[in-house]
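Please read this briefing with the sequence and the model side by side.

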Amino acid sequence: MKIVVIGGTGLIGSKLVKRLQGKGHEVIAASPASGVNTITGEGLEKTLAGAQVVVDVANSPSFEDNAVMEFFQTSGRNLMAAEEVAGVRHHVALSVVGTERLQASGYFRAKLAQEKIIKEAKIPYTLVHSTQFFEFMFGIAQSGTEGEKVHLSPAMMQPILSDDVADALADLVLGQPRNAIVEIAGPEPIKIADAVTKYLRQIGDNREIVVDNKTRYFGALLDDTTLMPAAGVRLGAVGFSEWVKTATPPPAR
């Protein structure tokens, strides 16, 4: 098949592209750097021509409320319109477990708006709701940083390794459209505060941790169910406690 991966040069996209190419498919890693811009529509018609499947793993460059809503709505509408013209048979999009429960957050309001556009289009689809990636622990820490302290929620999550996300996506991309949400998660439930603290200590970051159930997660208050998957979730192979032992600092930007 010809498969186009929107956001194909990012953390998940690059891993997915390699997996699909390894199975013998023609895979295009589409991004603004390759001349494909889902906001302006540049390059979409040419790139999608002849594609059977489109996978959208792109993320907004800004998490500011208005900017992120504009990104996901504009990108979503442009993609679905171009896919209809190209005759795409399966649209796969990566989203987040608990999106519908996180609507106090501008980011998750935008993700839900993106999902609504996908569901209302004429393209058969699969929505993949993933829990937090192991590699996102530093991002969670930074979002809760105030001065020299890191404020973290004690709520539960069930994070997943990015390689396991890519494996699950590859299987779903090559399968039949579900026209539904499929959840994926790691095998090990853990408190956000515990996971982030273990990661920070592993990389030599000894900032003071403040655990508070009023700490917001990208604008949303959490309880122990907000970020957790439902029964029947597809589980990854690697547990967080195994991964964190050899975790490294995020790449410098």
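Two strands are said to pair if DSSP finds at least two bridges between them, while the strands (E, at least two residues) and the helices (H or I, at least four) are themselves DSSP runs, numbered from the N terminus. This is a predicted model, in which local features need pLDDT of at least 70 and side-chain atom pairs count only at pLDDT 80 or more, whereas totals for chains, interfaces and linings use all residues. Residues are numbered from 1 along each chain as its sequence is written, and side-chain values use heavy atoms, with hydrogens and water left out.

- An open sheet of 3 strands runs in the order β6-β7-β11, and its pairing is mixed.
- Because β6 (145–146) and β11 (208–211) stand at the edges with a single partner strand each, one side of each is left without a neighbour in the sheet.
- Strands β6 and β7 run antiparallel and are joined by 2 bridges, and Thr-145 has Val-150 in β7 as its bridge partner.
- Another open sheet is formed by 7 strands in the order β2-β1-β3-β4-β5-β9-β12, with parallel pairing.
- In this sheet β2 (26–30) and β12 (234–235) are at the edges, each with a single partner strand, so that one side of each has no neighbour in the sheet.
- Within the sheet, β5 (residues 125–130) and β9 (residues 181–185) pair in the parallel sense over 4 bridges, and the bridge partner of His-129 in β9 is Glu-183.

**Helix α3**

- The expected span of a helix is 1.5 Å times one less than its number of residues, and for the 22 residues of α3 (residues 65–86) this gives 32 Å, which agrees with the 32 Å between its end C-alpha atoms.
- A residue is called buried under 20% relative accessible area, exposed over 50% and partly exposed in between, using a 1.4 Å probe and protein chains only; the buried residues of α3 include Val-68, Phe-71, Phe-72, Leu-79 and Met-80.
- An α-helix has 3.6 residues a turn, so residues three or four places apart point the same way.
- Among the elements that cover the buried residues of α3 are β1 (2–6), β4 (90–96) and α4 (106–120).
- A polar contact is a pair of N or O atoms within 3.5 Å, where within protein one must be able to donate a hydrogen and the other to accept it, and residues adjacent in sequence count only if both atoms are side-chain atoms; at the start of α3, a side-chain oxygen of Glu-64 reaches to within 3.2 Å of the backbone nitrogen of Asn-66.
- After α3 comes Gly-87, which has a positive phi near 75°.

- Ser-60 is placed in the loop between β3 and α3, and it counts as buried because its relative accessibility is 6%.
- A polar atom of the Ser-60 side chain lies 2.6 Å from the backbone oxygen of Ser-62.
- Contact means heavy atoms within 4.5 Å, and, leaving aside neighbours within four places in sequence, Ser-60 is in contact with Ala-67, Val-68, Phe-71 and Phe-72.

**Aromatic rings**

- Rings of Phe, Tyr and Trp (its six-membered ring) pair if their centres lie within 6.5 Å, and planes under 30 degrees apart count as stacked, over 60 as edge-to-face and the rest as tilted; by this rule there are 12 aromatic pairs.
- Tyr-199 and Trp-243 form a stacked pair, because their ring centres are 5.9 Å apart and their planes are at 10°.
- This pair links distant parts of the chain, since Tyr-199 is in α7 (residues 192–202) and Trp-243 is in α8 (residues 240–243), 44 residues apart.

**Nonpolar cores**

- A nonpolar core is a set of buried Ala, Val, Leu, Ile, Met, Phe, Trp, Tyr and Cys residues joined through side-chain atoms within 4.5 Å, and the largest one has 35 residues, with Met-137, Val-196 and Tyr-199 among those with the most contacts inside it.
- Helix α7 gives the most to this core, with 6 residues.
- A second, separate core of 23 residues includes Ile-3, Val-5, Val-27 and Ala-170.
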